[in-house]
Amino acid sequence: MRFSEAWLREWVDPSVTTQELADQLSMAGLEVDSVEPAAPPFDGVVVGHVLACEKHPDADKLNVCQVDIGVGETQQIVCGASNVAAGQRVPVATVGARLAPDFRIKKAKLRGVPSNGMICSASELGLADSSDGILVLPPDAPVGEDFRVYMNLDDQCIEVDLTPDRGDCLSLAGIAREVSVINRVPLRGEVIDSVDAQIDDAFAVRVTDPAACPRYLCRVIRDIDAGATTPDWMVERLRRSGLRAISPVVDITNYVLLTLGQPMHGFDLDRLSGGIQVRFAAAGEHLKLLDGSEAELRPDTLVIADEQGPVAMAGIMGGEPTGVTGETRHVLLEAAFFAPLAIAGKARSYGLHTDSSHRFERGVDFELARVAMEYATALMLDIVGGRCGPAIEVSDESHLPAREPIRLRRERIQRILGISIDDDEVSDILERLGMDLQPAEDGWLVTAPSARFDIAIEVDLIEEIGRIHGYERIPASLRSAPVSIEARPETRFSLERAYAALVDRAYHEAITYSFISPEMARRVTPTQEPITLANPISSDMSVMRASLWPGLLAAAQHNLARQQDRVRLFESGLTFERVEGRIVQKPHLAGLVCGSVQPEQWGVATRKVDFFDLKGDLEVVLSQVAPLQAFRFIAAEHPALHPGQAARIERDGQAIGWVGALHPALQQALDLPAVFLFEVLLEGLSEGELPSFSPVSKFPSIRRDMAIVLAREIPSARVLEVARAAAPEFVQEISLFDVYTGENIDSSLKSIALSLILQESSHTLTDQEVEQAGALVLQALTQELSAKLRD
């Protein structure tokens, strides 16, 4: 919400500076985003009167003007604007005037004719982005007066960033109410009287869904002056509020919107057929909007229609075919209250965002439409003339918001705010906020005004008391309270330790959106039913993710496009699945690597990262909760992973994740190099095994190596599993240190070399014990895997 400070002070004028006013609003919960001057600095510009205007003798596009600037002597000024004419009042930059830090007006000759100043356009004074000609002032503008004083340009434009619950402050009246309450000064405002009907013309209205539109008003105004222009005072207030003047009827409705907060619309009466219908759109209906776009209406969209079809999207934007133009003579003014839920999200779903939808979504005072209609009618008759008919209202009181009394307890105020506030101050604050108070045994029964949609429960009232009393007046204090520290089990998985382990291995944390495109959802998780958002931010962020991989892949694309060839990312977050009709959230940890194993250096040969590099990084994370033997990596297929380089991760027979290379088809579609990914379900790592101490044996260890030949398709994990199960207790460790395929080995077989570390805690092992242990391991491998000792 942007407004002029000078305009605000016409409603309420506290004895505070601009900065103090901005600070007050921010402390009251209306955060001030910016305070900017209403016009750039310039001086030496006065109001002038063009006495005569003749063509330049040597230039067809120049005019020689005689201008009175109030100093007694007429000034000759050469002007190139096509709209300059004798009799006009105009802004004149006199000789010596400064329009910019490096732009001063000097005496000059234009095609041989002396010129003593410059007649200015709005853009040259910084009052508009562009201008078609000079700025023509009202005929009563005082000649010779400083232009800044005449236009009150020594003003400030204040922009307030409002939270969605404070729709009541999306108007100058709303801001003025707040300032009046904060400073305990009277609120003046506009005096709005009812306008008597001058003609009997009325327009029939039928509301088919009163729950969506509980109140609708319209009024016929005939015979307006099509040549009338918007007065400068209104144009300037609109400009300082961030709106561009368009035409008198549109400007008046915009002005009422800014002043009171009630969106309005004007129809060209001659372009309407039959009466007004407020209804939901029918399937297949279309509407060309005022911005030129074509909307294909959905059945859940509330529209204003006539006998021919929709003429406006209710609470959002009017239609171009029935809009007011420069030839319009007869107008139908509209003001309504639309239920917030009927409008919420509709504008965004059509790719729109308007001042009207912004207000209706947050809630507009349902008692305001009548006042706004009278105010707009009075402005219309004053600016464009015409004759007005009676205001036609259709309302359903049963569907208007109910204002139920809220119980406010004294002890509750102290408990929430931490301070005691006198009853008189509580009553004063709430009454100045426009609330109705009735005494109760333990406090008050409070009824909020119709503008305050955000006041629904007791703590809402306490918040109002706190912010008007002043948060800065509430002393800071340290409260004593019983504190209990939850004991953290040693076996619990620590996500922070996992982060640290990955960061130590040169990974960077990524934080991506939970929303992805439908296309990525189909490619990465085609077996999951997509969860589509009702009101997505955009079409490529319309599905809730069922995996963290789409976000990491997009982050990898972003980095690779910026010449970051070595990418190592991880992310933890929620994924979303539909299970038996319910949406279930599951925490995951995922990672992605591509590029070289290590940064380029002289001491290590460069090579690309592979499956086993990523598996090793993942094993560091998994080892936090259990020995690696507790996890199994089983070759399997995943739709997003390479069929020959993918493994399902299991713990105690339960699948907890995946690791592998990106599927070649997906790699090609995303234009990525070789990429490797992992993703694990954190619930599968929630509890680990408690480490236990065992003393270091004082007896020597013995290593025995064996090489066996077995079928190529048997995974090494299975070999280690069988060997460890068969080994006696004094075999401390069995590890794989070599895999060989090639010469002297059948193409269907492979050679695996195992090392056995043997050590007893009570004595030195004998050769017989060592040989026996090796024999037991070899026997098990032979029986279960058909392995044999390599020659």
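This is a working chat about a predicted model of one protein chain.

Colleague: What should I keep in mind about the model and its numbering?
Modeller: The model is predicted, so local features need pLDDT of at least 70 and side-chain atom pairs count only at pLDDT 80 or more, while totals for chains, interfaces and linings use all residues. Residues are numbered from 1 along each chain as its sequence is written, and side-chain values use heavy atoms, with hydrogens and water left out.

Colleague: How many helices and strands does the protein chain have?
Modeller: There are 20 helices and 40 strands, taken as DSSP runs numbered from the N terminus, with H or I over at least four residues for helices and E over at least two for strands.

Colleague: And is the chain compact or spread out?
Modeller: Its radius of gyration, taken over C-alpha atoms, is 39 Å, well over the 28 Å that the globule rule (2.2 Å times the number of residues to the power 0.38) gives for 791 residues, so the chain is more spread out than a compact globule. Along the principal axes, the C-alpha atoms fill a box of roughly 125 × 85 × 60 Å.

Colleague: Changing topic, how do α12 and α13 pack?
Modeller: Helix α12 (residues 423-432) meets helix α13 (residues 458-469) at an angle of about 100°, and their axes are 10 Å apart. The two are therefore roughly perpendicular, a label for angles of 65 to 115 degrees; axes are lines fitted to C-alpha atoms, for helices over the stretch in contact, and angles run from 0 to 180 degrees between N-to-C directions.

Colleague: Which residues make that contact?
Modeller: With contact meaning heavy atoms within 4.5 Å, α12 contributes E425, V426, I429, L430 and R432, and α13 contributes L461, E464, I465, I468 and H469.

Colleague: What about S427, buried or exposed?
Modeller: S427, which is found in helix α12, is buried at a relative accessible area of 17%, where buried means under 20%, exposed over 50% and partly exposed in between, with a 1.4 Å probe and protein chains only. Apart from neighbours within four places in sequence, S427 is in contact with L437 and W444.

Colleague: Now the sheet: what is the strand order?
Modeller: The order in this open sheet of four strands is β38-β39-β37-β40, with antiparallel pairing, and two strands pair if DSSP finds at least two bridges between them. Strands β37 (residues 702-711) and β39 (residues 749-758) pair over 10 bridges, and R704 has L756 in β39 as its bridge partner.

Colleague: Which strands does helix α20 touch?
Modeller: Helix α20 (residues 767-785) packs on the sheet and touches β37, β38, β39 and β40, with its direction at about 15° to that of β37.

Terms used: Parallel < 35°, antiparallel > 145°, perpendicular 65-115°, else oblique.
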